[in-house]
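Dear colleague,

I am handing over the structure we spoke of, and below it you will find an account of what was found. Please read the text with the model open beside you.

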Amino acid sequence: MSYIRPSDPEKMGKLKEESFIREGKGRLKVVVESGGDRIETTINGSLKSVGEIAEMLGVEARDGKVEAVVDGVKVNAERGKLEVEFENGDRLKIEKA
């Protein structure tokens, strides 16, 4: 049986926290898929711009899009939409609601 595991605070403690989401007006639909399980919710906030996301990842945005593999993680971003796919097949999708 697969399930989505929460992060371990001890392992995450030394990581610099950075988010693709900024506080503010707007609603985002967030979908997490892991091993056949799916969680879908909406949250308040907005995605950072494609340029900001590219800068966070250390890549260049081309034609208003980011398509990159960073540390084995596939990232596709365009205005109002972000998709992240991890090496183990887990996926994260964030888009305007």
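How many helices and how many strands does the protein have? There are two helices and six strands, where helices (H or I, at least four residues) and strands (E, at least two) are DSSP runs, numbered from the N terminus. From the N terminus on, these elements follow one another as α-β-β-α-β-β-β-β.

Before the details, a word on where the values come from. This is a predicted model, in which local features need pLDDT of at least 70 and side-chain atom pairs count only at pLDDT 80 or more, while totals for chains, interfaces and linings use all residues. Residues are numbered from 1 along each chain as its sequence is written, and side-chain values use heavy atoms, with hydrogens and water left out.

The sheet comes next. Strands of a sheet pair through backbone hydrogen bonds, either parallel or antiparallel. Here six strands form an open sheet in the order 2-1-6-5-4-3, with antiparallel pairing; two strands are taken to pair if DSSP finds at least two bridges between them. Strand 2 and strand 3 are the edge strands, each pairing on one side only. On average, neighbouring strands of this sheet are turned by 15° against each other, direction ignored (axes are lines fitted to C-alpha atoms, for helices over the stretch in contact, and angles run from 0 to 180 degrees between N-to-C directions). Helix 2 (residues 50-57) packs on the sheet and touches strand 1, strand 3, strand 4 and strand 5, its direction making about 15° with that of strand 3; contact means heavy atoms within 4.5 Å.

Taking the strand pairs in turn, strand 1 and strand 2 are joined in the antiparallel sense over ten bridges, and E33 has R38 in strand 2 as its bridge partner. Their hairpin has two residues between the strands, and in it G35 takes a positive phi near 50°. Strand 3 (residues 65-70) and strand 4 (residues 73-78) pair antiparallel over six bridges, with E78 in strand 4 as the bridge partner of K65; in this hairpin, which has two residues between the strands, D71 takes a positive phi near 50°. Strand 5 (residues 81-85) runs antiparallel to strand 6 (residues 91-96), to which five bridges join it, and E83 is partnered by K93 in strand 6.

Two loop residues deserve a look. G89, in the loop between strand 5 and strand 6, is partly exposed because its relative accessibility is 36%, where buried means under 20% relative accessible area, exposed over 50%, and partly exposed in between (1.4 Å probe, protein chains only). G89 and G35 are 54 residues apart in sequence, yet their C-alpha atoms are 7.5 Å apart in space. R62, in the loop between helix 2 and strand 3, is exposed because its relative accessible area is 61%, and its C-alpha atom is separated by 9.4 Å from that of V50, twelve residues away along the chain. Of the 97 residues of the protein, 21% count as buried.

Finally, among contacts in the protein between residues at least 6 apart in sequence, 42% join residues at least 24 apart.

With regards
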